[in-house]
Amino acid sequence: MDNAVAIVEAYLYINGYFTVTEYPVIEAVEEGGYRMVTDLDVLALRFPGAGRLIPGKRGLETIFATDQKLACSTDHTEMIVAEVKEGRAEINQNAKDPIVLRTMLTRFGCCPASDVDQVVRSLLRTGETTTQAGHRIRLMAFGSIMPEKKTKGYKIILLKHVVRFLQEYLKEHWDILRHGQFKHPAFGFLVTLEKALYDGKIGYER
């Protein structure tokens, strides 16, 4: 998995999203046969009200608050279609191809096949739409720097914000997280770094 994609996947996962990464879209060609059109970096699905119980001392629990930058929906099931770049945070033309979006939305059952063309048009026009079933769908781009030109039609989150969020999350919940072994390539690596730097005992208090 691409490193930047792994970091964004960890960020979305912590915020309550189920994710699929580097999803290939294949189409038939007129001459016969098939070709791969593109791969969608991250598809993320979140149910309304998704949260995480944070165990505290003496049996007390709190619910994890999602990142405000994401503006997660609390009322609708939500799907994010995200492009991830190590450079400029942009969505390439293939990922905005109506055929690609139509294929993906149908594949994951976000809306009936009879509605999908209208949903794709609405999504491309504003970067966000809600289906008749109440599913919110958004286009999003992650990257290290902003695009050269002002963009519209999708939300942008920079990778430095994503990394800082993950670091703050580790810091805030280190008393709990330092006991775990995480297999995710990005999040697990960050946890291992913190354990190595802080010995897993004294943590951020030293």
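**Entry 1**

I started at Phe 18, which sits in strand S1 (residues 18–28). I kept in mind that this is a predicted model. Phe 18, Leu 45 and Phe 47 make a nonpolar surface patch of about 300 Å².

**Entry 2: helix H6**

Next I checked the length of helix H6, residues 185–198. The helix has 14 residues, and at 1.5 Å a residue it should span 20 Å. I found its end C-alpha atoms 20 Å apart, which agrees.

Which residues of H6 are buried? I noted Ala 186, Phe 187, Gly 188, Leu 190, Val 191 and Glu 194. I also looked up what they pack against. Their partners are helix H1 (3–14), helix H4 (159–172) and helix H5 (174–177).

**Entry 3: salt bridges**

How many salt bridges does the structure hold? I read six. Side chains of opposite charge can pair when their charged atoms come close. I went through three of the pairs.

I took Arg 138 and Glu 78 to begin with. Their side chains meet in a salt bridge at 2.7 Å, N to O. This pair links distant parts of the chain: Arg 138 lies in strand S7 (residues 136–143) and Glu 78 in strand S5 (residues 78–84), 60 residues apart. Both Arg 138 and Glu 78 are buried. I also noted that these two belong to a network of salt bridges, in which Glu 78, Glu 128, Arg 136 and Arg 138 are linked.

I moved on to Arg 88 and Glu 148. Their closest N and O atoms are 3.4 Å apart in a salt bridge. Here too the pair links distant parts of the chain, 60 residues apart. Arg 88 is in the loop between S5 and helix H2 (98–107), and Glu 148 is in the loop between S7 and strand S8 (155–158). I looked up the accessibility of each. Arg 88 has a relative accessible area of 32%, so it is partly exposed. Glu 148 is at 67% and therefore counts as exposed.

I finished with Asp 117 and Arg 102, a salt bridge whose closest N and O atoms are 2.9 Å apart. Asp 117 belongs to helix H3 (residues 116–126) and Arg 102 to helix H2, 15 residues apart. Asp 117, at 37% relative accessibility, counts as partly exposed. Arg 102 is partly exposed as well, with a relative accessible area of 41%.

Methods. Residues numbered from 1 in each chain as written. Predicted model: local features only at pLDDT ≥ 70, side-chain atom pairs only at ≥ 80, totals over all residues. Heavy atoms only, no water. Helix = DSSP H or I, 4+ residues; strand = E, 2+ residues; numbered from the N terminus. Expected span 1.5 Å × (residues − 1). Buried < 20%, exposed > 50% of the residue type's maximum accessible area, 1.4 Å probe, protein only. Contact = heavy atoms within 4.5 Å. Patch = residues over 30% accessible without salt bridge, like charges linked within 9 Å, V, L, I, M, F, W, Y side chains within 5 Å. Areas by Shrake-Rupley, 256 points an atom, 1.4 Å probe, with all protein chains shown as cover. Salt bridge = Lys/Arg side-chain N within 4 Å of Asp/Glu carboxyl O.
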